[in-house]
Amino acid sequence: TNSNKDKQNIIITASWGLGEAVVSSLVTPDTWKIERPSNENLSCENLNILTKIIGSKNIMHIYDSDGKVSLHQVEIEKRQIKCLSKKDIKKLIKISIEIENYFSCPQDIEFAIENN
C-alpha cells in the first residue's frame, strides 16, 4: 500500500508471487485507488473504490524448494484476474490506517499474503 503522497486516498498495488516484480517494475501490477475511510469506519464496509486496474502480471518471483528466489511465468489464466479479493483489500486498508495512526503520518507499506 502507498498513501504517503495522496492523503485523501490509499493506493494498493499487487501482483502474484513476491513483491520484487512490482518493486523492480517488471510487471504491470493490479492497482486500486480507494478513498481513505475515516477512523470511525475502519470496518471498511462501504469502500469507495475510485479506480481499479487489472495489470498484466506476466511474471512472478517465488521461493523454490531450496529456498532461493526464482523468476517464473504466470499462468495465462491468472494474468488477467485480480490477485486480491475485496476482503484482502479491506484488511489491508484497515491495517495501513492503523499503522499510519501509530506513526502519525502516512506510510509506504509492503505486504505479503500467503495461502489466503
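Predicted model: local features only at pLDDT ≥ 70, side-chain atom pairs only at ≥ 80, totals over all residues.
**Exercise 1. Pairing, bridge by bridge**

Task: How many bridges join E1 to E2, and over how many do E2 and E3 pair?

Solution, step by step:

- Start with E1 and E2: they run antiparallel and are joined by 6 bridges.
- Ile12 has Trp32 in E2 as its bridge partner, and Ala14 stands opposite Asp30 in E2.
- Now move to E2 and E3, which pair over 4 bridges, again in the antiparallel sense.
- As background, strands of a sheet pair through backbone hydrogen bonds, either parallel or antiparallel.

**Exercise 2. The whole chain**

Task: Which order do the elements of the protein chain follow from the N terminus on, and what percentage of its residues count as buried?

Solution, step by step:

- Count the elements: the protein chain has 3 helices and 5 strands.
- Read them from the N terminus and you get β-α-β-β-β-β-α-α.
- Of the 116 residues of the protein chain, 33% count as buried.
- For the surface, the accessible area of the protein chain is about 7600 Å², and 49% of it belongs to carbon and sulfur atoms.
- Finally, look at contacts with a separation of 6 or more: 59% of them are between residues 24 or more positions apart.

**Exercise 3. The nonpolar core**

Task: Find which residues of the largest nonpolar core touch the most other members, then trace which elements supply at least two residues each.

Solution, step by step:

- The largest nonpolar core has 15 residues, and those that touch the most other members are Ile12, Trp32, Ile34, Leu84, Ile89 and Ile93.
- Strand E1 (9-14), strand E2 (30-35) and helix H3 (86-103) each supply at least two residues of this core.
- H3 gives the largest share, 4 residues.
- Check Leu84: beyond its neighbours within four places in sequence, Leu84 is in contact with Ile12, Ala14, Trp32, Ile89, Leu92, Phe111 and Ile113.

**Exercise 4. Ile34 and Ser70**

Task: Are Ile34 and Ser70 buried or exposed, and what does each touch?

Solution, step by step:

- Ile34 lies in strand E2. Its relative accessible area is 0%, so Ile34 is buried.
- Leaving out neighbours within four places in sequence, the contacts of Ile34 include Asn9, Ile10, Ile12, Leu47, Ile89 and Ile93.
- Turn to Ser70, in strand E5 (residues 69-73). With a relative accessible area of 17%, Ser70 falls under the 20% cut-off and is therefore buried.
- The side chains of Ser70 and Asp64 are joined by a polar contact of 2.8 Å.
- With neighbours within four places set aside, Ser70 is in contact with Met60, His61, Ile62 and Asp64.

**Exercise 5. Positive phi**

Task: Where do Lys57 and Ser104 lie, and is each buried or exposed?

Solution, step by step:

- Lys57 has a phi near 45°, a positive value in a residue other than glycine.
- Lys57 sits in the loop between E3 and strand E4 (59-63), and with a relative accessible area of 0% Lys57 is buried.
- Ser104 has a phi near 65°, also positive and also in a residue other than glycine.
- Ser104 is found in the segment after H3. Its relative accessibility is 66%, over the 50% cut-off, so Ser104 counts as exposed.

Key:
Residues numbered from 1 in each chain as written. Heavy atoms only, no water. Core = buried A, V, L, I, M, F, W, Y, C linked by side-chain atoms within 4.5 Å. Buried < 20%, exposed > 50% of the residue type's maximum accessible area, 1.4 Å probe, protein only. Contact = heavy atoms within 4.5 Å. Areas by Shrake-Rupley, 256 points an atom, 1.4 Å probe, with all protein chains shown as cover. Polar contact = N/O pair within 3.5 Å; in protein donor to acceptor, adjacent residues only side chain to side chain. Pairing = 2+ DSSP bridges.
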